[in-house]
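This briefing concerns the structure shown below.

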Amino acid sequence: MKQVFPGIIRIKERGSFGAIKPPINIYILLGENGLIFDAGYGLKSSSMFLVNSVKRIKSYFHSKNTSINITRILPSHSHPDHIAGISKIQKDLALELILTEEMYEHMKNKEAYRSHYRESHPSELYKVNSLKTRINFHSQRVLSTFFYKIIYGISFDYKVDKIIQSDSKLHIGGKIWKIIPSPGHTSDHISLYNEDTGILFSGDNILRSITTWLGPPESNIKQYITSLQEIKGLSNLRMIFPAHGSPIMEPKKRIEEIISHRKKRTNQLLKIIQFSGSEGITPKKILQMLYPGESGFFHRMARGWVSLTLNMLEEEQKISKNIKDREFLFFSN
């Protein structure tokens with residue numbers, strides 16, 4: 001627990017299983033109508049850590065005769081590491097749950113959530129729809145349900161108190177915080193920005209030292225780049241507090257690095273397809289050329305952005321695909 005800026009406290013929840021369940025930053029914006037931004041994991045140890053941390057914050061400021069009241073919670077988006085803790089901490093801290101209209105469509109019940117975040121169909125990952133891929137697909141759907149419940153601790157017995165538009169403004173601690181729609185990582189992703197201080201809470205869209213995961217079914221590379229460009233255009237942007245990792249002190253430089261990285265990856269993938277000539281190339285071979293010597297797990301993690309980029313290049317008519325011997329082959333146009 002650390003005060004990262006006057007009136008802003010970061011609580012860092014531990015993760016496990018590496019990239020599957022990374023540590024996450026939860027931010028407390030102090031004031032008479034204070035807000036918790038993101039909710040972390042829903043397992044008992046994680047949620048109680050957050051609840052007890054918030055109680056200690058309240059006790060500390062009350063001992064200093066400073067009046068604060070943390071009344072609301074708002075997630076940056078509906079991925080499980082950002083919402084799984086809502087059910088428990090909402091009850092224990094008597095919080096009002098605020099969702100944007102887009103988040104509500106994802107989170108209004110278990111069925112809606114599973115519909116939006118179902119395991120990607122083989123066709124979205126450019127796998128031929130064979131018996132084997134269908135079996136793997138249904139097995140992964142069962143596994144994802146297990147992960148949501150056992151690994152992340154997600155539950156859906158929260159109460160949505162207020163639904164707002166995704167470009168609303170919130171008054172917190174005497175400051176006006178603007179909600180900025182920033183789809184790309186997910187379709188319901190938002191950022192939270194205060195123009196006076198130049199502080200932006202970026203959720204998962206902008207991270208200091210790692211790249212944001214992108215993949216079906218919810219990510220969109222073009223939307224992601226557009227969101228980054230819009231945030232870069234904020235006139236007084238001075239500091240970014242991300243959901244994972246440490247603060248970003250040179251935000252516009254970091255955003256340029258991310259945009260440049262995405263363009264580099266797109267060009268790299270296109271050149272691999274161009275180099276394959278008339279023989280074409282399979283998605284599996286593309287992954288092997290992009291990440292030589294890496295494990296199958298690493299390739300599965302990277303398959304998401306590769307699939308999105310292939311789809312984008314198809315839409316731009318820069319590549320085309322055929323099926324041969326029950327495999328997709330990609331060709332340069």
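**Salt bridges**

K159 and D161 are joined through their side chains by a salt bridge, 2.6 Å from N to O; the term denotes a side-chain nitrogen of Lys or Arg within 4 Å of a carboxyl oxygen of Asp or Glu. This is a predicted model, in which local features need pLDDT of at least 70, side-chain atom pairs count only at pLDDT 80 or more, and totals for chains, interfaces and linings use all residues. Residues are numbered from 1 along each chain as its sequence is written, and side-chain values use heavy atoms, with hydrogens and water left out.

- The whole structure contains 8 salt bridges.
- K159 is exposed, because its relative accessibility is 53%, whereas D161 is partly exposed at 31%; buried means under 20% relative accessible area, exposed over 50%, and partly exposed in between (1.4 Å probe, protein chains only).
- A salt bridge also links K321 and E314, at 2.9 Å from N to O, and K321 is partly exposed, with 31% relative accessibility.
- E316 pairs with K318 in a salt bridge whose closest N and O atoms are 3.4 Å apart.
- Through shared partners, salt bridges connect K222, E316 and K318 into one network.
- Both partners of that pair are partly exposed: E316 has a relative accessible area of 32%, and K318 one of 40%.

**Helices** (DSSP runs of H or I, at least four residues; strands are runs of E, at least two; both are numbered from the N terminus)

- Helix α8 (residues 251-276) packs with helix α9 (residues 283-290) at an angle of about 120°, the axes lying 11 Å apart; axes are lines fitted to C-alpha atoms, for helices over the stretch in contact, and angles run from 0 to 180 degrees between N-to-C directions.
- Helices α8 and α9 are therefore oblique to each other; angles under 35 degrees count as roughly parallel, over 145 as roughly antiparallel, 65 to 115 as roughly perpendicular, and the rest as oblique.
- In helix α3 (residues 86-93), the buried residues include I86, I89 and L93.
- A94, which follows α3, has a positive phi near 55°.

- P181 belongs to strand β9 (residues 175-181) and is partly exposed, with a relative accessible area of 32%.
- W213 lies in the loop between β11 (199-203) and α7 (221-232); W213 is partly exposed because its relative accessibility is 36%.
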